[in-house]
Amino acid sequence: MNALGLFDNDYGEDGFRTCSVTGLNIHRSAENHVKLFGLTAVVALLVGGIFAFTVAMTRWELVGLLRPGEFYTHLTLHAWNLLIFWMVFMEIAILYVGGPIVLGRKLPITRVAKAGWVTMVLGALTINVSVWTAGGFPDENAPLLTSYAPLESPPAFYAGVVIFIVGAVVAALPFFLTLWRERRENPGKTLPLVAFGAFITSIIAFEALVGGLITFATTLLWRIEAISFMDPAWYRQMYWTIGHGTQQINLAAMVTVWYFITHVVGGAEVVSEKVSRTAFILYLFFINLGAAHHLMSDPVVSSGWRLFNTSYAFYGAAFASMIHAFAIPAGLEAGRRKRGKGGGLFGWLTSAPWKNPVFSATIFSIILFGFLGGITGVVMGQMQVNMTWHNTFATVGHFHGTVAVGTTLAFMGLVFFVIRTMFKRNLAFSRLASTQPFLYAGAMGIVVLMMMYAGLLYGVPRRTAEVVRNIPGTDFSLSAAAPLFALLGIFAVFAILAGVVFVLVAVGSLLLGDRVRPGDNADLRAISVAADGGQSSSGEEKPVHAYGMRGTFLVTLVFLAVFVVSYVLNWYLLTELWQVGL
């Protein structure tokens with residue numbers, strides 16, 4: 001463990017050290033647990049990536065790697081490891097960064113944190129083993145991620161989910177205790193924006209995890225026949241509190257990382273803390289209602305409920321995302337112009353440290369999440385338009401745009417940052433490291449577009465191993481979509497290779513990376529000296545609004561134009577599906 005730098009000796013007698021990049025006072029207890037959960041997340045990413053390859057090579061029917069029964073097993077393992085385990089382990093690490101590290105405090109009740117980690121690992125292993133073994137027995141069903149009742153999954157699967165959720169809740173307790181002590185000892189003091197974002201993330205997570213615990217604990221009791229009846233409609237409603245709630249955790253955590261990395265590495269300023277905090281609060285009240293788009297075709301849900309959730313309530317969450325979508329690039333532009341790095345319309349962006357994978361991964365996350373995940377999420381969340389998306393491959397494209405591109409890239413950038421600032425290792429294979437975000441973002445972006453294209457234009461269903469040759473049980477085929485799946489397969493291979501490069505760089509840096517020496521992390525610190533010193537003629541520091549944000553304004557107009565075009569095109573597709581006439 002010492003060889004990996006998990007435990008270091010450069011702390012003071014009180015257990016604190018000052019980070020040379022952020023200037024934060026970091027206690028070893030918080031830092032070591034960030035490392036522990038982060039390393040575990042990377043292992044889950046590797047496992048899920050293996051199954052990403054087998055799933056992609058099956059849907060690319062020219063290869064047709066797996067039989068349909070095997071495909072469902074691999075699809076489930078791919079989803080649980082990448083959508084749940086990789087994300088949630090990283091999000092616990094983010095809570096520890098946003099809490100004790102940003103606030104300069106010890107991580108309290110470390111035994112509870114370790115117990116949470118052990119429980120989460122046990123739950124993850126139980127789920128993986130139960131899914132894998134279920135796929136090998138004809139009398140057992142390999143569950144999909146949704147595992148809808150009344151279809152039965154192995155009892156061990158439900159037990160594993162319950163164990164994992166309990167572990168995640170336990171692991172989050174030290175974060176809540178940190179904030180409670182901070183507020184008790186510093187009444188009236190406002191939490192830093194990153195800590196506030198982590199706090200909102202933790203509340204959203206608590207809602208989702210408790211909902212999931214109720215869902216799967218009840219389903220486990222039904223599966224072992226402790227209760228005799230399971231209402232499928234109740235299950236569907238309750239499942240999506242965690243089924244889509246986990247994506248809302250990802251969203252809030254990702255936005256928190258955006259603020260943190262763009263500030264530390266890019267030199268961003270916060271344009272308005274009140275506005276950014278308001279956007280986080282809007283998430284708290286409205287973001288979990290986004291799960292409604294999974295239930296638009298559910299016969300149990302009333303039309304009034306659908307209308308409210310996909311319009312008025314949904315707009316609250318969309319408005320919050322619009323605020324962040326403007327505030328973060330605007331803060332980056334203003335901050336870099338303030339530091340003399342903003343010549344011309346886009347000089348603030350072209351002069352940015354693109355060779356630094358911490359920065360480039362974060363910026364690609366912002367751009368691609370907005371254009372691929374954010375726009376499509378709002379569009380498909382509308383009640384009428386959802387008819388063209390529901391249970392098609394386009395839905396898979398949407399959540400790959402949010403999770404596989406947006407959140408994963410942000411978390412990759414954070415992992416690189418942690419390796420250099422907490423493990424104190426220079427990145428091994430530096431050229432590969434600099435290239436990796438470009439390769440992954442480009443390849444996964446094309447994969448997402450092909451998924452959406454296949455689903456919207458050809459109606460290709462999700463979760464189906466074969467559609468080009470024939471749809472199982474029918475004589476109907478979608479051979480016209482074959483070229484799209486060829487492109488999807490090719491670029492999926494490139495994206496998976498980029499994921500392999502990420503793991504190679506991360507693990508290689510821990511094992512082979514040179515120890516960070518004084519000055520090595522200078523590229524992680526935003527340039528602090530502006531051409532004019534950032535001061536007005538009177539000698540006072542200029543406010544952030546004194547610097548033009550013309551580039552951000554233009555990018556925002558482009559984003560809105562793409563939004564409008566996408567919205568109109570989807571309504572056109574709806575008219576083709578659902579023609580109205582005399």
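Where is Phe429 found? The first legend answers this; all views show a predicted model.

**View 1. Phe429 lies in the loop between α14 and α15.** Helix α14 covers residues 393–421 and helix α15 covers residues 430–458, and Phe429 is found in the loop between them. The phi of Phe429 is near 50°, a positive value in a residue other than glycine. Most residues other than glycine have a negative phi. Phe429 counts as partly exposed because its relative accessibility is 37%, a value between the limits of 20% and 50%.

**View 2. The loop between α3 and α4 holds Ser147 and Pro150.** Ser147, which is not a glycine, has a positive phi of about 45°. With a relative accessibility of 4%, Ser147 counts as buried. Most peptide bonds are trans.

**View 3. Helix α3 spans residues 110–134.** The helix has 25 residues, so at 1.5 Å a residue it should span 36 Å. The end C-alpha atoms of α3 are 36 Å apart, which agrees with that expectation. Buried residues of α3 include Ala113, Gly116, Met120, Gly123 and Ala124; also among them are Ile127, Asn128, Ser130, Val131 and Ala134. The buried residues of α3 pack against α1 (28–59), α2 and α4.

**View 4. Trp80 and Phe157 form an edge-to-face aromatic pair.** The structure holds 33 aromatic pairs. In the pair of Trp80 and Phe157, the rings are 5.8 Å apart centre to centre, with 85° between the planes. The pair links distant parts of the chain: Trp80 belongs to helix α2 (residues 68–103) and Phe157 to helix α4 (residues 155–185), 77 residues apart. Both Trp80 and Phe157 are buried.

**View 5. Tyr453 and Tyr458 form a tilted aromatic pair.** The ring centres of Tyr453 and Tyr458 are 6.4 Å apart, and the angle between the planes is 40°. Tyr453 is partly exposed, with a relative accessible area of 38%. Tyr458 also counts as partly exposed, at 33% relative accessibility.

**View 6. Arginine side chains lie over phenylalanine rings at Phe393 and Phe196.** The charged end of Arg59 sits over the ring of Phe393, 4.2 Å from its centre. Arg277 lies over the face of Phe196, and the distance to the ring centre is 5.1 Å.

**View 7. Helix α9 covers residues 303–310.** Which residues of helix α9 are buried? They are Arg306, Asn309 and Thr310. Seen down the axis of α9, these buried residues fall within an arc of 85°, so they line one face of the helix. An α-helix has 3.6 residues a turn, so residues three or four places apart point the same way.

**View 8. Residues 1–8 have pLDDT below 50, and residues 528–539 have pLDDT under 50.** The protein averages a pLDDT of 89, and 91% of the residues score at least 70. Beyond near neighbours in sequence, the stretch of residues 1–8 has 22 contacts in the model. For residues 528–539 the model has 19 contacts beyond four places in sequence. Where pLDDT is low, the predicted coordinates should not be read in detail.

Key
Residues are numbered from 1 along each chain as its sequence is written. This is a predicted model: local features need pLDDT of at least 70, side-chain atom pairs count only at pLDDT 80 or more; totals for chains, interfaces and linings use all residues. Side-chain values use heavy atoms; hydrogens and water are left out. Rings of Phe, Tyr and Trp (its six-membered ring) pair if their centres lie within 6.5 Å; planes under 30 degrees apart count as stacked, over 60 as edge-to-face and the rest as tilted. Helices (H or I, at least four residues) and strands (E, at least two) are DSSP runs, numbered from the N terminus. Buried means under 20% relative accessible area, exposed over 50%, partly exposed in between (1.4 Å probe, protein chains only). A charge sits over a ring if NZ of Lys or CZ of Arg is within 6 Å of the ring centre and within 35 degrees of the ring normal. The arc is that of the directions from the helix axis to the C-beta atoms. The expected span of a helix is 1.5 Å times one less than its number of residues. Contact means heavy atoms within 4.5 Å. pLDDT is the predictor's confidence in each residue, from 0 to 100.
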